[in-house]
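Work through the exercises below with the model open in a viewer. Each task is followed by a stepwise solution.

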Amino acid sequence: MSKYWSAVARKLIPYVPGEQPKLSQLVKLNTNENPYPPSERAVAAIAGELGEDGGKLRLYPDPNGDRLKAAIASFYAADGVSAANVFVGNGSDEVLAHVFQALLKHERPILFPDITYSFYPVYCGLYEIEHVAVPLADDFSIVADDYLRPNGGIIFPNPNAPTGRLLPLAEIERIVASNPDSVVVIDEAYIDFAAEAVPTAIPLVARYPNLLVVHTLSKSRSLAGLRVGFAIGDAQLIEALERVKNSFNSYPLDRLAIAGGVAAMNDRVHYDTTRRAVMNSREQLTRDLHSLGFDIVPSAANFIFVRHPQLDAATLASALRERAIIVRHFRLPRIDQYLRITIGTDDQCTALLSALREIL
Ligand code: PMP
C-alpha cells in the first residue's frame, strides 16, 4: 500500500449505511424506506423506457436530466422555481457530496448539529472541511441562535435525523437571513411527512440567494432504489454544482431514473396519498408506543425516535431482531438509549407492537 493512501485511509472514516438484510421475511424498519410501493405511473414509465428489448439502454442518457428538472420545477412552480434553480443527482447523498465540495469548502468551519445525519462528518473528512458540531437543546431541537456566529456554511436536515424534530420555517428564515455570506443548506429528505401543508423552505429560495434546499425521491415517493435526489437554489449555486458534477460524471442519472423520476414528480395523487398514510400511521404508532410506556420525540418524519425508561435500547433492538424485526440503534453518546423506528405498513406496526408486548 502506498504511504499516501495509508495516510488518507487512516483519516477517512466511511459512512456506515443501515443494514440491508438479505432475508426478505424480516420486518424492516431500520432505514426509513417508504413501506408503500411507488407510483404506478413511475413504474410504467420505467418499463416504457426499458421497452421490449432494452434498446434505449445502448444510448447515453440526457447529461442534464432536463425533463426531470422541468418536472421538479413544475411541481414547485407556485414557489417561483424554474429549471435553472434545479440540480439533480443520483440520490440526495450524491447531491450532498457535490454540495459539500462545491459550496461548503471555506476557510471558516461549517456548522451542523452534533446529532444529525451521520454522512455530514464523512463528507467533511473526504473534502477536508473543518466543522463545528453545534449541540442540540435538551429536547433535541435545533437552537437557531447558535447558528448566528461566523461560519463557512451551515447544513442540517429539517426534520432532523435521527430525531425527527422539525425546526419551524420562521427559525430557518432567521438563520438564512442572518448569514448572507454563507451557503445555508436545508436537507429536507423527510419534509413531506411533516404536515398536511408541507413546511418546506423552497419558497424562501426566491428571496435568499444563499439558501439551498435538498430533497429526495427516496422517502415520500417510495423510490429509494431508483436513486434520485435534487437541490433547489439560486441559479448561481446550481451552476456551481453543475460544474463540480460534470467534473465527476456528466451522466449522474441513468435513463430509467430520469423516466421514473419525471413520472413520480407528476403523480401528485400518489404522493399525497402515500405521505398522508405514513403520517396517519406515525400518529397511531406514537399513541400505541406511549401506552406501552415509551418516551417519543415529536416526529415530523417517516420514523420515530423512542426510548423506554426501563429497557436498555441495545437489548431491546436485539430482542426485536430475534423476533425478525429490525430497527436502528446508534451506539453514540447521548442517544444510545434511543431506537429509531421507521413507520411501516399497518401490518408491520402491528407485528412491532405485539413483539414489544411480548418483550415487555
Ligand atoms: N439526508 C438525510 C437526512 C437522510 O436521512 C438520507 C437517507 N439516509 C439522505 C439524505 C439520503 O437519501 P438518498 O440518498 O436516498 O436520497
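The exercises cover model confidence, domains, the ligand shell and some backbone details.

**Exercise 1. Confidence**

Task: State how confident the predictor is in this model.

Solution. The structure is a predicted model. Its mean pLDDT is 95, and 99% of the residues reach 70 or more. The scores for the model are ipTM 0.99 and pTM 0.96.

**Exercise 2. Domains**

Task: Divide the protein into domains and describe the side of domain 1 that touches domain 2.

Solution. 
- Step 1. Domain 1 consists of 11-38 + 269-359, and domain 2 of 40-267.
- Step 2. Taken over C-alpha atoms, the domain centres are 24 Å apart.
- Step 3. Contacts link 32 residues of domain 1 with 28 residues of domain 2.
- Step 4. On the domain 1 side, α9 (268-291) and β10 (303-307) are the elements that give two or more residues. The most come from α9, with seven residues.
- Step 5. By residue class, this side of domain 1 has 20 nonpolar, six polar and six charged residues.

For comparison with the record, an unreviewed UniProt entry lists residues 25-356 as "domain: Aminotransferase class I/classII large". The end C-alpha atoms of that span lie 18 Å apart, and its content is 37% helix and 14% strand.

**Exercise 3. Ligand shell**

Task: Identify which residues surround the ligand and which helix gives the largest share of the shell.

Solution. 
- Step 1. The surrounding residues are G91, S92, D93, Y117, P157, A161, D187, A189, T216, S218, A224 and G229.
- Step 2. Helix α4 (residues 91-103) gives the largest share, three residues.
- Step 3. Sorted by class, the shell has five nonpolar, five polar and two charged residues.

**Exercise 4. Cis peptide bonds**

Task: Locate the cis peptide bonds at P159 and P162.

Solution. 
- Step 1. N158 and P159 are joined by a cis peptide bond with omega about -5°. P159 lies in the loop between β5 (154-157) and α6 (169-178).
- Step 2. A161 and P162 are also joined by a cis bond, with omega about 5°. P162 is found in the loop between β5 and α6.
- Step 3. Relate this to Exercise 3: A161 is one of the residues around the ligand.

Terms used
Residues numbered from 1 in each chain as written. Predicted model: local features only at pLDDT ≥ 70, side-chain atom pairs only at ≥ 80, totals over all residues. Near = placed C-beta within 6 Å. Helix = DSSP H or I, 4+ residues; strand = E, 2+ residues; numbered from the N terminus. Nonpolar A, V, L, I, M, F, W, Y, C, P; charged D, E, K, R; others polar. Domains from an automatic or database assignment. Contact = placed C-beta atoms within 7 Å. pLDDT = per-residue confidence, 0-100. UniProt positions renumbered as here; feature names shortened; annotations may be inferred.
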